[in-house]
Amino acid sequence: MTKTAVVALGGNALTRVGQSGTCDEMLANAAAMASAVHAVIEAGWRVVIVHGNGPQVGNLALQQEGTAMVPAQPLPLLSAMTQGLLGSLLARAINLLRGPGTAVAIITHVTVDPADPAFGAPSKPIGPFFEPAEARQLAQARGWVVQPDSGRGYRRVVASPEPVGVIEIDALRALVDAGHLVIAGGGGGIPVHGTAPQGGLADAVIDKDRAAGLIARLLGAQALLLVTAVDRVMLDYGQPTQSELGTITATEAARHLAEGQFPPGSMGPKIEAALRFLSDGGELALITSPDLLAATLTGAGARSGTRIERSPAPAERSPAPAERSPAPAERSPAPAERRPGPAERRPTPAERSR
């Protein structure tokens, strides 16, 4: 049976740091992503792509606020716009490599819980980077919440609730089974309140890694591939003791997460998505750059990214009691075996004088 991999591409992979997000820039970046995904398909895998939209949805929000001539649209509809935009770019780039109609982009709605505490604690960065003074000015003028992002400047942050369900999951599964490469859950999906009548829109942006993990679990995928700008996950990032992680177990990854190694706005959601996927039956989670994606998945090549594998079950970690130490009968012979027979015992005096 052909295995399925869900590939999560960051929005920063399509509008890179330092780029303004022109059409030509995004086309070139989409071609590079398509090449990485093509290598995974060539390795024998079916692929579902979930992409981020942080830079793009933030740029759209700025455009919305740049004129009073047309009404501004709410954040979830901006996510819908980016699904069409980025889905089209990725589908066309993949079809150029694999033939027309190979890739299908599906508009995807993802349910969230309106009581999720994330609505009261914005944490998801969107849009461009700002210098501290400019960020403070925008926050005051527009009512934004701004936070520093990985030492690269300040960005607007919005609510990022946990994804609960995928409304179009049956259609997604049918397309995968039919042999299509499916682009779904763009920007983490269009967030809707699953408990509201008609599924009301939620003012939020869902983290695409968490959405990718949810889609992977619902599809029963074997691998979750989290694509980022670095080859490997780092411990003690930015410190003299910085080190790379190659192949680790889920237990090791969970320990590093608990120790605070992976910030919530950076590598944290990727590790959390990987651990949730593996705990629910997934076989393998990867975190690496586009160039090392196929090599990390197949184990080929001199250089690979970070592989997180399921921790072995207790029975696999240590031998059963019978394997650890011999049974009593193996340690020493039974009493009957230690007692000498008639020919072996010492003769009595009467027997010696015969």
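## Basis

This is a predicted model, in which local features need pLDDT of at least 70 and side-chain atom pairs count only at pLDDT 80 or more, while totals for chains, interfaces and linings use all residues. Residues are numbered from 1 along each chain as its sequence is written, and side-chain values use heavy atoms, leaving out hydrogens and water.

## Salt bridges

The whole structure holds 18 salt bridges (a side-chain nitrogen of Lys or Arg within 4 Å of a carboxyl oxygen of Asp or Glu). E283 pairs with K3, with the closest N and O atoms 3.1 Å apart. Because E283 lies in the loop between helix 9 and strand 15 (284-288) and K3 in the segment before strand 1 (4-9), the pair ties together parts 280 residues apart in sequence (helices, H or I of at least four residues, and strands, E of at least two, are DSSP runs numbered from the N terminus). K3 is partly exposed, at 34% relative accessibility.

R155 and D149 form another salt bridge, at 2.9 Å from N to O. R155 is buried at 4% relative accessibility, and D149 is buried at 6%. D231, R232, E244 and R303 are linked in a network of salt bridges.

## A buried aspartate

D116 sits in the loop between strand 4 (109-112) and strand 5 (124-130). D116 is buried but has no salt bridge, and the nearest side chain of opposite charge, R210, is 8.2 Å away (Lys and Arg count as positive, Asp and Glu as negative; His and the chain ends are not counted).

Conventions:
Buried < 20%, exposed > 50% of the residue type's maximum accessible area, 1.4 Å probe, protein only.
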